[in-house]
Amino acid sequence: MAGHSHWANIQRTKGAADFKRGKLFSKLSREIAMAARLGGGNPEFNPRLRAAIDAARSQSMPNDNIDRAVKKGSGELEGASLEEMTYEGYGAGGVAFLVECMSDNRNRTSADVRAAFAKYEGHLAGAGSVSWMFHKKAVFTFASDRVSEEQLMEASLDAGAEDIRSQGGLLVIIAPFDRFDAVSTAIKKAGLVPDSAKPTFIPTNTSTVTTAESARLILDLYEALEDHDDVQNVHANFDIPDDILAALK
């Protein structure tokens, strides 16, 4: 496949962040709790909660943590009052960023996100400025050394998968968001376990990064946002060529 994807760039340069298990579990717990609060605590009747639980299980989150998050969201246990917010902005070189947050203090979160963009030569933009560049999809990733593209095709295409991509040591299944459950079920029936399974905003077009300086600023901004306690997900449309990526190591 021509080009280099957002997933490949992040996998190669920021994979260590995935091992911050405590922070990762906290983000997953907040999503589960929010889904349960908005749609009820029974995943059978709450598609968002099913997706959140699948995402948590794909990261080996303990069942006790999942159950506790569901109970917090449904009101059976006391939990913080959170609200959702999304910020849009541009990083170095005009790269588009979409930042999903959950917070108990909107003013604090807004100030922190704005400061992160400014620190790495970016800026926030108004609502709708970049969101039109992204489509929400169901995304399942697998290490390519433990599953074949043929296996994934056989398991997922009939369930509604749109595409299977080979990128940076990963095989990625992409499906319409409303087919998340169907594809997830089909994968499980085939005995395949994804490294991650979650809703993701995928850019319709990518912005190619042309200098190592811009690449460093973009990746540092991405990591700073991902590392923030109030940030749930960061989506961006950058494409960093291999030669520039190698120059950063």
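**View 1. The surface of the predicted protein chain.** The protein chain in this predicted model exposes about 12,200 Å², and carbon and sulfur atoms supply 49% of that area. The areas come from the Shrake-Rupley method with a 1.4 Å probe, and for residues only the protein chains shown count as cover. Of the 249 residues, 46% are buried; buried here is under 20% relative accessible area, exposed is over 50%, and partly exposed is in between (1.4 Å probe, protein chains only).

**View 2. The whole fold.** The protein chain has nine helices and 10 strands, which are DSSP runs numbered from the N terminus (helices H or I, at least four residues; strands E, at least two). Its radius of gyration is 18 Å, close to the 18 Å that the globule rule gives for 249 residues, so the chain is as compact as a globular protein of that length. That radius is taken over C-alpha atoms, and the rule is 2.2 Å times the number of residues to the power 0.38. Take the contacts (heavy atoms within 4.5 Å) with a separation of 6 or more: 71% of them link residues 24 or more positions apart.

**View 3. The largest nonpolar core.** A nonpolar core is a set of buried Ala, Val, Leu, Ile, Met, Phe, Trp, Tyr and Cys residues joined through side-chain atoms within 4.5 Å. The largest one has 28 residues, and Phe97, Phe117, Leu225, Phe238 and Ile240 have the most contacts inside it. Elements giving two or more residues to this core include strands S1 (83-90) and S2 (96-103) and helix H5 (106-119). Helix H8 gives the most, seven residues. A second, separate core of 19 residues includes Ala161, Leu171, Phe180 and Ala197.

**View 4. Arginine 108 and its partners.** Arginine 108 sits in helix H5 and is partly exposed, at 33% relative accessible area. Setting aside neighbours within four places in sequence, arginine 108 touches Ser103 and Asp230. Arginine 108 and aspartate 230 are 122 residues apart in sequence, yet 9.3 Å apart in space, C-alpha to C-alpha.

**View 5. Where to be careful.** The chain averages a pLDDT (the predictor's confidence in each residue, from 0 to 100) of 88, with 92% of residues scoring at least 70. Where pLDDT is low, the predicted coordinates should not be read in detail.

**Notes.** Residues are numbered from 1 along each chain as its sequence is written, and side-chain values use heavy atoms, leaving out hydrogens and water. Local features need pLDDT of at least 70 and side-chain atom pairs count only at pLDDT 80 or more, while totals for chains, interfaces and linings use all residues.
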